Amino acid sequence: MQEFVHKSVLLHEAVDALAVRSGGRYVDGTFGRGGHSREIVSRGGLVLGIDRDDEAIAAAKAENFNVVKNRHGNLKEVSVANGWSQVDGILLDLGVSSPQLDEAFRGFSFMRDGPLDMRMDVSDSLTAADIVNEESEENLAAIFREFGQEPNAGRIARAIVKERKLKGCYFDSTLKLANFVERLVGRRGAHHPATRIFQALRMAVNDEIGELERALEGGIELLAPGGRFAVITFESLTDRIVKRFFASHVGKMRSLQAGGEVWQGVEPRARPVTKKPITASDEEIKFNPRSRSAKLRAIEKELDR
């Protein structure tokens with residue numbers, strides 16, 4: 001296994017948002033290489049980690065962390081199964097980890113040539129190559145548009161299907177797909193033209209939106225009154241989902257025509273910990289460029305009424 005110096009994004013800001021107390025129970029739903037969990041433990045908290053990546057699990061067990069192989073969408077069920085029916089905090093650090101990006105054979109990045117894989121859990125059957133080589137033009141365009149917010153979604157999907165049919169092309173490597181997209185749409189600016197396509201495929205392969213939605217719903221139920229929920233996102237799509245979910249539980253008071261007020265929102269109620277998303281400092285971005293797009297949002301579940 002390759003050795004990595006992994007830098008946890010918004011490390012202190014995220015753990016600060018949890019307001020860790022000694023002996024409190026905290027679920028790290030995306031354990032990764034454990035940077036946030038170590039910080040929680042250093043402040044006296046107890047941690048239950050969850051991750052679906054075998055390498056992350058192996059690294060965690062080497063440090064004697066209590067980590068379960070599972071998806072963060074199942075964090076409520078995993079916690080209850082481990083005897084934690086309520087917790088004092090939940091942390092999600094979404095997206096792909098540095099080790100996953102840096103290992104070419106995982107197929108997450110076009111910076112290194114590797115198989116077009118992108119599975120966070122390699123025991124899953126569906127790969128990015130399966131999607132690119134088997135989905136219809138309509139479905140490919142929908143994936144690129146919905147998960148990648150790619151303005152050229154239809155054009156790229158059409159070209160991929162045409163290439164498959166006319167030339168019998170099989171897109172089996174990261175560079176083969178990335179170079180094909182670059183030749184098709186050209187390169188403008190600093191970002192590679194395949195960036196959004198790779199993001200979309202990764203999200204589709206790992207059902208990232210579905211996992212996030214299930215984690216949010218299960219997490220707010222799992223939290224004890226006064227418990228906190230912190231989420232770090234890296235894409236506008238996932239940030240928007242977190243923002244709307246948190247806002248729905250924060251709710252607001254609405255004035256009634258007959259007088260008085262009524263609370264309007266989704267139960268259970270919460271209060272904002274971060275009124276605006278916290279982003280990485282210039283210093284953090286300098287030593288960890290991947291933190292540039294990170295946004296941290298957090299809420300606190302209100303005490304029972």
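Q: In which helix does His 249 lie?
A: His 249 belongs to helix H12, residues 236-250; helices (H or I, at least four residues) and strands (E, at least two) are DSSP runs, numbered from the N terminus. This is a predicted model, in which local features need pLDDT of at least 70, side-chain atom pairs count only at pLDDT 80 or more, and totals for chains, interfaces and linings use all residues. Residues are numbered from 1 along each chain as its sequence is written, and side-chain values use heavy atoms, with hydrogens and water left out.

Q: Does His 249 count as buried or exposed?
A: The classes rest on relative accessible area: buried is under 20%, exposed over 50%, and partly exposed in between, with a 1.4 Å probe and protein chains only. His 249 counts as buried because its relative accessibility is 1%.

Q: Which backbone atom does the side chain of His 249 reach, and which residues does His 249 touch?
A: A polar contact is a pair of N or O atoms within 3.5 Å; within protein, one must be able to donate a hydrogen and the other to accept it, and residues adjacent in sequence count only if both atoms are side-chain atoms. Here the side chain of His 249 reaches the backbone oxygen of Val 266 at 3.2 Å. Contact in the wider sense means heavy atoms within 4.5 Å, and, when residues up to four places away in sequence are not counted, His 249 touches Ile 220, Trp 263, Val 266, Glu 267, Pro 268, Arg 269 and Ala 270.

Q: What kind of peptide bond joins Glu 267 and Pro 268?
A: Most residues other than glycine have a negative phi, and most peptide bonds are trans. The bond between Glu 267 and Pro 268 is cis, with omega about -5 degrees, and Pro 268 sits in the loop between strand S7 (261-264) and strand S8 (270-272).

Q: What is the phi of Leu 10, and what is that of Asp 207?
A: Leu 10, a residue other than glycine, has a positive phi near 50 degrees, and for Asp 207 phi is likewise positive and near 50 degrees. Leu 10 lies in the segment before helix H1 (11-18) and counts as buried, because its relative accessibility is 0%. Asp 207 is found in the loop between H10 and helix H11 (208-222) and is partly exposed, with a relative accessible area of 35%.

Q: At what angle do H9 and H10 pack?
A: Helix H9 (residues 174-185) and helix H10 (residues 195-206) pack at about 135 degrees, with their axes 9 Å apart, which makes H9 oblique to H10. Angles under 35 degrees count as roughly parallel, over 145 as roughly antiparallel, 65 to 115 as roughly perpendicular and the rest as oblique; axes are lines fitted to C-alpha atoms, for helices over the stretch in contact, and angles run from 0 to 180 degrees between N-to-C directions. Thr 174, Leu 177 and Ala 178 of H9 make the contact with Ile 197, Phe 198 and Leu 201 of H10.

Q: Which backbone oxygen does the side chain of Thr 174 reach?
A: The side chain of Thr 174 reaches the backbone oxygen of Arg 112 at 3.0 Å. Thr 174 is buried, with a relative accessible area of 0%, and, leaving aside neighbours within four places in sequence, its contacts include Gly 107, Asp 113, Leu 116 and Phe 198.
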